[in-house]
Amino acid sequence: MNAQILDGKATAATIKAELSERVAALAAQGVTPGLGTLLVGDDPGSRWYVNGKHKDCAEVGIASIREDLPAEATQEDIEAAVRRLNEDPACTGYIVQLPLPKGIDTNRILELIDPDKDADGLHPTNLGRLVLRVNEEITSPLPCTPRGIIDLMLRHDIDLKGKEVVVLGRGVTVGRPIGLLLTRRSVNATVTLTHTGTRDLEGLVRRADVVVAAAGVKDIVTADMVKDGAVLIDVGVSRETDPATGKSKVVGDVSAGAREKASWYSPNPGGVGPMTRAMLLANVVEMAERSAG
Ligand SMILES: Nc1nc(=O)c2c([nH]1)NC[C@@H]1CN(c3ccc(C(=O)N[C@@H](CCC(=O)O)C(=O)O)cc3)C=[N+]21
């Protein structure tokens, strides 16, 4: 089978164009959404991600607010920056770039974020709302990566009702929250969450109509594990040096052989990453729309 590509980059561009119109409508009401970022330290990867978020904002007309702290910043310094963002009226939503330096109590920082400004949708209050609101509309920010994965499939008319979805990886940003979204009545998928303690991973994956691979283990999804015609969403990020160029490159969880058996395949890079960024913008626009009434 020749898998069709779930092109996250192109889909994200479409979403950004839609969001630009909504930002223009807000501007007509005198409202400008503003995304804040809090970055601690000088890790080049984290800096690259944060710069990308501000570039995305500029493209759709969202204002940018930056708090950049040195690697030596203390718990108190970071908490003070969170309070500034909570109080800044120009900042309608913001993210704390993860990971934070060693020695920092990350959960304490994340819990200080005003839930109404939680652009990542990862504050305990917003995760709790996701748990509680099974059927009714959710009017709080949703976790960006899970939302992006589901949106990418639905925009390609992949029907998820009654489908068996197997998720690899129990991380807080993808594996744990995605089941909450997929099992809402409006989506109605059946979800199995697998992790390092799972027995018979192969057997579970072989049943799956949709595999969301977010383990962060290169090629963990092999051809013999995958049902013909499955939808494969490659989320995991590992880095390795490309022998041809000597440069570091992203490698996903889905092997080349597995890809061949898929009906649809979301590549990595070029799939879920750009969708995550687009959903961050969607959360910021929606938060501004809600506060504009
Ligand atoms: N508070 C917080 N929120 C996050 O959402 C968050 C975070 N911290 N820390 C780090 C991870 C990672 N993450 C990515 C976002 C976009 C791409 C992305 O757009 N990647 C491109 C390019 C990849 C490349 O070539 O390096 C792609 O997949 O095509 C990747 C990774 C968000 N994260």
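Here is a short tour of the core, the ligand's surroundings and a site listed in UniProt.

Keep in mind that this is a predicted model. Let's begin with the inside. In soluble globular proteins, nonpolar side chains tend to be buried together. The largest nonpolar core here has 48 residues, and the ones touching the most other members are Ile62, Ile149, Val212 and Ile233. Several elements give two or more residues to this core, including the helices α1 (8–28), α2 (44–60) and α6 (144–154) and the strands β7 (210–213) and β8 (231–234). The largest share, 11 residues, comes from α10. The core also draws at least three residues from each of domain 1 (28–117) and domain 2 (143–272).

Zoom in on Ile62. Not counting residues up to four places away in sequence, Ile62 touches Val23, Pro33, Gly34, Leu35, Cys57, Leu281, Val284 and Val285.

Now for the ligand. There are 14 residues around it, and Val96, Gln97, Leu98, Asp120 and Gly270 come nearest.

| Residue and part | Ligand atom | Distance |
|---|---|---|
| Val96, backbone N or O | nitrogen | 2.7 Å |
| Gln97, side-chain N or O | nitrogen | 3.0 Å |
| Gly270, polar backbone atom | oxygen | 2.7 Å |

Next, a look at what the record says. In an unreviewed entry, UniProt places the feature "domain: Tetrahydrofolate dehydrogenase/cyclohydrolase NAD(P)-binding" at residues 143–291. That span is 35% helix and 19% strand, and its end C-alpha atoms lie 19 Å apart.

For "binding site", UniProt (unreviewed entry) lists Gly169, Arg170, Gly171 and Val237. Why can we say these residues gather at one spot? They span 69 residues in sequence, but no two of their C-alpha atoms are more than 14.2 Å apart, so they do come together in one place.

Two of these listed residues are worth a visit. Gly169 sits in the loop between β5 and α7, and Arg170 lies in the loop between β5 and α7 too. Is Gly169 buried or exposed? Its relative accessible area is 12%, so Gly169 is buried. Arg170, at 41%, is partly exposed.

Leaving aside neighbours within four places in sequence, Gly169 is in contact with Gly175, Leu193, Thr194, Ala214 and Ala215. With the neighbours up to four places away left out, Arg170 touches residues including Arg176, His195, Thr196 and Gly197. With His195 there's a polar contact too, side chain to side chain, at 3.2 Å.

Terms used. Residues are numbered from 1 along each chain as its sequence is written. This is a predicted model: local features need pLDDT of at least 70, side-chain atom pairs count only at pLDDT 80 or more; totals for chains, interfaces and linings use all residues. Side-chain values use heavy atoms; hydrogens and water are left out. UniProt positions are given in the numbering used here, feature names are shortened, and annotations may be inferred rather than shown by experiment. Helices (H or I, at least four residues) and strands (E, at least two) are DSSP runs, numbered from the N terminus. A nonpolar core is a set of buried Ala, Val, Leu, Ile, Met, Phe, Trp, Tyr and Cys residues joined through side-chain atoms within 4.5 Å. Buried means under 20% relative accessible area, exposed over 50%, partly exposed in between (1.4 Å probe, protein chains only). Domain bounds come from an automatic or database domain assignment. Contact means heavy atoms within 4.5 Å. A residue is near a molecule or strand if one of its heavy atoms lies within 4 Å of it. A polar contact is a pair of N or O atoms within 3.5 Å; within protein, one must be able to donate a hydrogen and the other to accept it, and residues adjacent in sequence count only if both atoms are side-chain atoms.
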